[in-house]
Amino acid sequence: MLACVRQFFTKRGVLEVDTPLLSKTAPIDTHIEVMAVHFADGQTGYLHTSPEYAIKRLLTVCPIDLYQLSHVFREGEVGPLHNPEFTMIEWYRMGFSLKKLLHETVELIQLFLENVECQEITYRDLFLTYVGIDPFATSAEELHKKAKTLKLEGSPDWDVDTWLYFFMSFFIEPKMEGLIAVHSFPSTQAALSRVRKEGPYAVADRFEIFYSGIELANGFHELTDSEEQRCRFEETKAKREKLNKPLLPIDEKFLQALKIGLPDCCGVAAGFDRLLMLKEKAGSIKDVLPLSWTDL
Amino acid sequence: MAQVSTNEFRAGIKVEVEGQPYTIVSNEFVKPGKGQPFNRVKLKHLMTGRVIERTFKSGDRLELSDVVETKVRLLYTDQDGASFMDDNTFDQLHVSFDIIGDQKQWLLEEVSYTLIFYKGAPVEVIPPTFMEMNITETAPGVRGDTSGRVLKPATTESGAKVPVPIFVEEGDRIKVDTRTGEYVSRV
């Protein structure tokens, strides 16, 4: 299947790159833990959680379509759908609309899952349909009350975002059938995507694709503004500080590169091992990995 | 007491939830790629055995329960309970049948049990997983069927009702799985 994926991109004229797995700085996400590597001479390196920063740096000097089939590392992620080291298919398309990239991602998924049709829905409509709540105009109290009436567990201390993630993971995803692409997320879940105004709400231009409730891909209309990017880094850093999580150095070279100019592009990351799981109808990611973390 | 974080949750760890002691049965990691990770945890109440499910944000912490396990030996039973001797301290303690509950059927003198204390008071008696005991009552066997697939009712010296194969007779010694109450073999 790795060869199939490579062929998919070769046919489309997307060039393969192989950026370093080990970096001097770390990708910063509120909820993704980076593995640090300690050198004998006292330096610290970080294993990447996605090749995003490195590929984007390449794009600022060479704006062509690129992909990487890469092992990525995320600490603490072990479960039937998680292994701390997994394979990611990540690619960037210059001048693509998010919709066009979404359709291409569905084509890639169809390499693994034949004859599946994809249904598209906005994050807002998804919540309105499944939960009956507008995720852009709700409060932690309302979500907590709703959880109680649905007999779901939770904690009154959670904020709106935690509740939204909770409903997504424990209420909506288990009900999802077939291939579903969710797009137009709340801006608080923007990560590195562009945010646009849609009526009174700030909407993040990104999509996630699920098959039977299993998250397969995560696509973005990429943020190109280096100042905005710096703000998001600072915000994320502050959130991590509040959660008592290890502080990570900001990638200044990445920000510098954005200043030179990242072309207008869309990028997406898909989990290769999960796609393989679905193709093979495996119950656990362990079943499709040559050796899983528990086997080592 | 000390605390444990969700990523240290393992089956068997005993924690306090809403002031009650629970044993962790399972711990499932759920995480959206970019989002808040959760741990969905199944917990069994130490005394009532009721199983509940709770969802925690990964990294949340719970108090460990003040639970101590001691190896004890049964000395004798009386009308309201059983007297045990601590294997290490030789202290004697009396545990009422209210606390022993269903495990009463596995009580035999001189056998070693695990006694669980919560905040200093005994709350549960756990028998060895496999126990050997004599059959005190069962209908005579019918000749011919030695496959072991057909079972008949039998009572053991501890008072447990254990279905046994047709060929097992009164006075035979058998091995029983105390978790399921099933016959394992003849000894």
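# Exercises on a two-chain model

The buried residues of helix H2 (residues 52-61) of chain A are Glu52(A), Tyr53(A), Ala54(A), Lys56(A) and Leu59(A). This is a predicted model, in which local features need pLDDT of at least 70 and side-chain atom pairs count only at pLDDT 80 or more, while totals for chains, interfaces and linings use all residues. Residues are numbered from 1 along each chain as its sequence is written, and chains are lettered from A and ligands numbered from 1 in the order in which they are written.

## Exercise 1: Helices and burial

Find what the buried residues of H2(A) pack against, then see how H1(A) is covered.

Step 1. Start with the terms. A residue is buried if 20 or more other C-beta atoms, placed from the backbone, lie within 10 Å of its own, exposed if 12 or fewer, and partly exposed in between. Helices (H or I, at least four residues) and strands (E, at least two) are DSSP runs, numbered from the N terminus. Two residues are in contact if their C-beta atoms, placed from the backbone, lie within 7 Å.

Step 2. The buried residues of H2(A) pack against E5, E6, helix H8 (252-261) and strand E12 (265-271) of chain A.

Step 3. Helix H1 (residues 2-11) of chain A is hardly covered, with a count of 1 buried residue among its 10 residues. After H1(A) comes Gly13(A), with a positive phi near 70 degrees.

## Exercise 2: Two helix pairs

Work out how H5(A) lies against H6(A), and how H7(A) lies against H8(A).

Step 1. Two packed helices are described by the angle between their axes and the distance between the axes. Axes are lines fitted to C-alpha atoms, for helices over the stretch in contact, and angles run from 0 to 180 degrees between N-to-C directions. Angles under 35 degrees count as roughly parallel, over 145 as roughly antiparallel, 65 to 115 as roughly perpendicular and the rest as oblique.

Step 2. The axes of helix H5 (residues 140-149) of chain A and H6(A) cross at roughly 30 degrees and come within 9 Å. H5(A) and H6(A) are therefore roughly parallel to each other.

Step 3. At this contact, Ala140(A), Leu143(A) and His144(A) in H5(A) meet Val160(A), Trp163(A) and Phe167(A) in H6(A). By class, the contact has 5 nonpolar, 1 polar and no charged residues. Here Ala, Val, Leu, Ile, Met, Phe, Trp, Tyr, Cys and Pro count as nonpolar, Asp, Glu, Lys and Arg as charged, and the others, Gly among them, as polar.

Step 4. Helix H7 (residues 226-242) of chain A packs with H8(A) at an angle of about 155 degrees, their axes 8 Å apart. H7(A) and H8(A) are therefore roughly antiparallel to each other.

Step 5. Ser226(A), Gln229(A) and Arg230(A) in H7(A) meet Leu255(A), Leu258(A) and Lys259(A) in H8(A). These residues divide into 2 nonpolar, 2 polar and 2 charged.

## Exercise 3: Where the chains touch

Describe the side of chain A that touches chain B.

Step 1. Contacts join 20 residues of chain A and 16 residues of chain B.

Step 2. Helix H6 (160-172) and strand E11 (214-221) of chain A are the elements that give two or more residues to this side of chain A. Its largest share, 7 residues, comes from H6(A).

Step 3. The residues of this side divide into 6 nonpolar, 9 polar and 5 charged.
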